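Welcome! Take a look at the sequence and the model, and then read on.

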Amino acid sequence: MPNRLAHETSPYLLQHADNPVDWWPWVPEAFAEARRRGVPVLLSVGYSSCHWCHVMAHESFEDEKTAAYLNAHFVPVKVDREERPDVDAVYMEAVQAATGHGGWPMTVFLTPDAEPFYFGTYFPPEPRSGIPSFPQVLEGVTAAWTDRREEVAEVAGRIVRDLAERSLPYGAPNPPGPDDTHAALMGLTREFDAVRGGFGGAPKFPPSMVLEFLLRHHARTGSAGALQMVQATCEAMARGGIYDQLGGGFARYAVDATWTVPHFEKMLYDNAQLCRVYAHLWRATGSDLARRIALGTADFMVRELLTAQGGFASALDADSDDGTGRHAEGAYYVWTPEQLREVLGEEDAAFAARHFGVTEEGTFEKGASVLQLPDTEQLVDADRVASVTWRLLAARGERPRPGRDDKIVAAWNGLAIAALAEAGAYFDRPDLVRAATATADLLVRVHLDEHGRLARTSLDGAAGAHAGVLEDYADVAEGFLALASVTGEGVWVDFAGLLLDTVLRHFASGDGTLYDTADDAEALIRRPQDPTDNTAPSGWTAAAGALLSYAAVTGSTRHRDAAERALGVVTALGPRVPRFIGWGLAVVEAALDGPREVAVVGPDGDPATRALHQAALLGTAPGAVVAVGAPGSDEVPLLRNRPLFQGRPAAYVCRNFTCDAPTADPKVLAAAVRGAGADVPQA
């Protein structure tokens with residue numbers, strides 16, 4: 001029997017369209033079918049670049065015998081967590097509460113009323129390491145459903161009640177103060193890995209949002225320790241295997257504490273955030289390494305993730321064909337000494353092995369090594385490194401490529417817009433600004449409707465059916481505001497305001513709390529609400545940041561008040577779990593600094609206008625907002641009533657309702673937007 005996924009827009013769901021399992025997408029009809037048949041629902045949640053999702057699919061969902069049992073005793077529902085983060089969040093909370101851990105693939109058994117009663121993640125086809133086999137789980141759940149239905153219903157009801165009774169510790173309406181950010185800094189210092197960079201042990205994820213907080217804290221306070229943690233972590237990641245030393249871009253995380261062996265999937269959200277972090281580190285320090293990694297990551301995104309429609313694909317798979325017809329994790333990226341010799345010859349292969357840390361023993365599986373830059377002391381021949389890198393990259397390009405998930409996720413494209421716009425401006429790369437603008441155009445044309453509502457995803461230029469969640473509105477607004485500051489096009493401020501008004505109308509409650517889904521979204525067993533920053537900013541903290549910036553650009557008290565109410569959650573969480581509220585802490589730093597408001601007025605194309613604009617963009621003051629326009633322009637409210645200064649292009653810097661005297665001198669402006677801890681590099 002053909003399943004029902006063939007017409008979905010999610011590449012992950014389409015991967016399962018030919019399974020013998022009679023999959024349903026997450027639709028009311030699936031649960032109606034479960035009620036009609038009197039059977040439970042098997043909910044399977046994953047995403048297209050998830051290695052163990054592929055493994056379980058191959059072992060179980062492609063197996064005819066397993067599929068036949070599933071179809072006879074369950075209504076199977078398949079969900080792409082990237083397309084439906086609300087469904088994923090609700091049931092992941094239940095999984096974590098019940099088992100103490102979570103992950104993907106996520107396997108949850110539900111009543112026909114969508115109430116969960118049994119949980120797991122990956123289940124093998126045979127019992128393994130204390131984990132029951134998937135057939136055993138299916139048979140056990142079937143027996144419980146058949147013989148102990150009342151007990152199952154009681155368990156499901158209790159779980160739903162427990163979830164409903166969970167409440168957030170919330171500090172509204174009091175935003176954090178300097179003591180709170182200092183306490184967060186001390187907490188991060190205790191968890192910092194002073195030897196290898198980063199925080200905690202294995203597995204080790206890029207702490208992008210925490211690094212943004214530390215950069216802003218250093219800029220506001222001059223804290224040398226904050227900057228040192230950023231520099232050490234960024235250098236360790238850049239030299240480790242988590243960074244693609246040939247093609248640029250970062251893998252999702254390292255499986256070890258040394259950044260050596262990555263989990264090889266490459267996600268748009270990681271690379272967008274890290275591109276911005278390294279660009280901001282360069283802005284603060286002038287580091288050549290930071291500049292190289294920022295541009296290498298930006299170029300990776302444009303080269304590998306840009307779609308024909310102008311948006312950025314979600315991810316590259318971890319797995320690819322290893323040349324034998326078998327899919328293996330990391331096959332595209334790793335090298336043996338023999339493979340180096342085949343491409344480079346003996347002498348250059350020996351050089352490349354030393355430079356990239358390729359050994360006979362290997363650092364990965366089957367004697368292969370992940371390329372790194374392990375030797376930080378040795379001087380190298382830059383031309384020879386470039387030659388070797390180019391030849392290896394060309395040879396790698398002949399290997400079977402990892403699959404790409406072409407789904408456009410609004411939130412992650414918002415992060416990419418901000419990163420590319422800023423990197424393009426800092427490093428005089430107008431092509432990156434053009435890419436950011438094209439992505440913004442796509443989001444407006446395809447994702448945004450006339451009522452200011454966003455579609456979560458699109459594929460091949462067609463919007464998906466699922467409504468945007470809070471992070472979509474917040475991250476797209478953030479991207480639009482960053483793009484406006486770089487291009488001077490006020491329309492992006494207008495679009496950001498439209499999105500943020502939707503946030504205040506449909507996602508906010510009166511006390512400042514924010515929900516991940518709109519008040520008119522599909523009702524789940526619990527309305528998801530998570531302020532913690534994990535792999536990307538939470539919708540809550542991203543909204544706080546965008547509201548704060550929009551208020552600074554427009555002078556809107558309503559949006560400023562909403563931002564401060566939303567930041568109350570950082571008061572509760574920042575000092576206790578700073579690693580998981582990094583973007584919230586970064587927004588707090590902006591609020592504590594003002595943020596500073598910079599208006600640059602001068603004729604378009606005038607070198608003096610450009611010099612002032614560049615000085616403003618390179619300012620390290622936390623969260624500073626920048627507007628640029630011709631004299632008399634009112635495209636952006638921040639530009640209103642800002643004349644030229646003695647007939648020359650001028651810059652105005654304001655902060656906390658007080659403005660400096662206008663200046664026509666880029667050096668004076670640079671000093672006015674410089675944080676306490678860093679000099680601004682001169683572009």
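Is Lys366 buried or exposed? Lys366 is exposed, with a relative accessible area of 73%. Here, buried means under 20% relative accessible area, exposed means over 50%, and partly exposed is in between, using a 1.4 Å probe and protein chains only.

## Before we start

This is a predicted model, so local features need pLDDT of at least 70 and side-chain atom pairs count only at pLDDT 80 or more, while totals for chains, interfaces and linings use all residues. Residues are numbered from 1 along each chain as its sequence is written, and side-chain values use heavy atoms, with hydrogens and water left out.

## The overall picture

The protein has 25 helices and 18 strands. These are DSSP runs numbered from the N terminus: helices are H or I with at least four residues, and strands are E with at least two. The radius of gyration is 26 Å, close to the 26 Å that the globule rule gives for 683 residues, so the protein is as compact as a globular protein of that length. That radius is taken over C-alpha atoms, and the globule rule is 2.2 Å times the number of residues to the power 0.38. Along the principal axes, the C-alpha atoms fill a box of roughly 85 × 70 × 45 Å.

Of the 683 residues, 60% are buried. The accessible surface comes to about 26,200 Å², and 51% of it belongs to carbon and sulfur atoms. Such areas come from the Shrake-Rupley method with a 1.4 Å probe; for residues, only the protein chains shown count as cover.

## Charges and their pairs

There are 59 positive and 91 negative charges, and their mean positions are 3 Å apart. Lys and Arg count as positive and Asp and Glu as negative, with His and the chain ends not counted. Each charge is placed at NZ of Lys, CZ of Arg, CG of Asp or CD of Glu.

Side chains of opposite charge can pair when their charged atoms come close. A search of the whole structure finds 38 salt bridges, each being a side-chain nitrogen of Lys or Arg within 4 Å of a carboxyl oxygen of Asp or Glu. One of them joins Asp244 and Arg396, at 2.9 Å from N to O. Asp244 lies in the loop between helix H10 (224-239) and strand E5 (253-254) and Arg396 in helix H15 (residues 382-396), so the pair ties together parts that are 152 residues apart in sequence. Both of these residues are buried.

Arg252 and Glu265 form another salt bridge, with the closest N and O atoms 2.6 Å apart. Arg252 is in the loop between H10 and E5, while Glu265 is in the loop between strand E6 (262-263) and strand E7 (266-267). Arg252 and Glu265 are both buried. In the salt bridge of Arg148 with Glu151 (3.5 Å, N to O), Arg148 is partly exposed at 40% and Glu151 is partly exposed at 46%. A network of salt bridges links Asp80, Glu82, Asp405 and Lys407.

Ser485 sits in helix H18 (residues 470-487) and is buried, with 11% relative accessibility. Leaving aside neighbours within four places in sequence, Ser485 is in contact with His613, Leu617, Val626 and Val628.

Val553 belongs to helix H20 (residues 539-554) and is buried at 7% relative accessibility. Not counting residues up to four places away in sequence, Val553 touches Val493, Val625, Val636, Pro637 and Leu638.

## Backbone details

Which peptide bonds are worth a look here? A cis bond joins Trp104 and Pro105, with omega about 5°. Pro105 is in the loop between helix H5 (85-99) and strand E3 (106-110). The bond from Gly594 to Pro595 is also cis, with omega near -10°, and Pro595 lies in the loop between helix H23 (582-593) and strand E15 (597-601).

Back to Lys366: this residue has a positive phi of about 55° although it is not a glycine, and its place is in the loop between helix H14 (346-356) and H15. Gln646 has a positive phi of about 55° too, and is not a glycine. Gln646 is found in the loop between E16 and E17 and counts as exposed at 62% relative accessibility.

Methods
Contact means heavy atoms within 4.5 Å.
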